[in-house]
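I opened this notebook to record what I looked up in the structure, entry by entry. The chain as a whole comes before the details.

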Amino acid sequence: MPAVTTLPMTPPSPLPPDGFVRRTRVLAVGSLLALIVLGLAWELWLAPTGQRTWALKVLPLALPLAGLLKHRLYTYRWLSLLVWLYFTEGIVRATSSDGLVVPLAWTQVVLCVLLFGACAAHVRHRLAQAKLAAT
């Protein structure tokens with residue numbers, strides 16, 4: 001009968017975060033918090049669109065905060081897809097509205113691009129680190 005080898009029960013610890021990972025995390029968390037603040041200020045005080053219940057649209061942006069702060073790669077991945085909904089809203093409102101809504105919408109677009117870029121760079125770098133660690 002062949003000998004059975006046992007594998008350790010705990011996975012190897014991940015690499016400590018380097019400077020690039022820290023910078024992309026700070027950019028992602030900062031732009032996400034800025035999007036939340038912008039969305040709330042926009043719908044509650046600056047240029048409300050009828051009922052103030054539209055402020056609830058920022059609720060999905062609050063969900064990934066814990067995952068970003070805990071370095072969960074999966075959160076960075078799905079947030080990079082979720083942010084395109086807010087990007088689309090910003091483009092539509094920037095090109096179809098007037099007044100104070102236009103600069104608010106362009107600010108939302110810029111924050112969405114920053115958030116997507118930070119998430120994409122973070123995921124790409126961490127996957128490259130994991131690949132190097134595996135070899």
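**The chain as a whole.** I began with the contacts (heavy atoms within 4.5 Å) between residues at least 6 apart in sequence, and found that 72% of them join residues at least 24 apart. The model is a predicted one, in which local features need pLDDT of at least 70 and side-chain atom pairs count only at pLDDT 80 or more, while totals for chains, interfaces and linings use all residues. I number residues from 1 along each chain as its sequence is written, and side-chain values use heavy atoms, with hydrogens and water left out. I counted 5 helices and 0 strands, taking helices (H or I, at least four residues) and strands (E, at least two) as DSSP runs numbered from the N terminus. Read along the sequence, this gives the pattern α-α-α-α-α. Of the 135 residues, 34% count as buried, where buried means under 20% relative accessible area, exposed over 50% and partly exposed in between, with a 1.4 Å probe and protein chains only.

**H1 against H4.** I next looked up how helix H1 (residues 19–46) packs on helix H4 (residues 73–96), and noted an angle of about 40 degrees with the axes 13 Å apart. The axes are lines fitted to C-alpha atoms, for helices over the stretch in contact, and angles run from 0 to 180 degrees between N-to-C directions. H1 and H4 are therefore oblique to each other, given that angles under 35 degrees count as roughly parallel, over 145 as roughly antiparallel, 65 to 115 as roughly perpendicular and the rest as oblique. For the residues that meet, I listed Arg25, Ala28, Leu32, Leu35, Trp42 and Glu43 on the H1 side, and Tyr76, Leu79, Val83 and Arg93 on the H4 side. These contact residues divide into 7 nonpolar, no polar and 3 charged, with Ala, Val, Leu, Ile, Met, Phe, Trp, Tyr, Cys and Pro counted as nonpolar, Asp, Glu, Lys and Arg as charged, and the others, Gly among them, as polar.

**Aromatic rings.** I then searched for aromatic pairs and found 2 in the structure; rings of Phe, Tyr and Trp (its six-membered ring) pair if their centres lie within 6.5 Å, and planes under 30 degrees apart count as stacked, over 60 as edge-to-face and the rest as tilted.

**His122.** I finished with His122 in helix H5, which is buried, with a relative accessible area of 0%. Leaving aside residues up to four places away in sequence, His122 touches Val21, Thr24, Arg25, His71, Leu73 and Tyr76.
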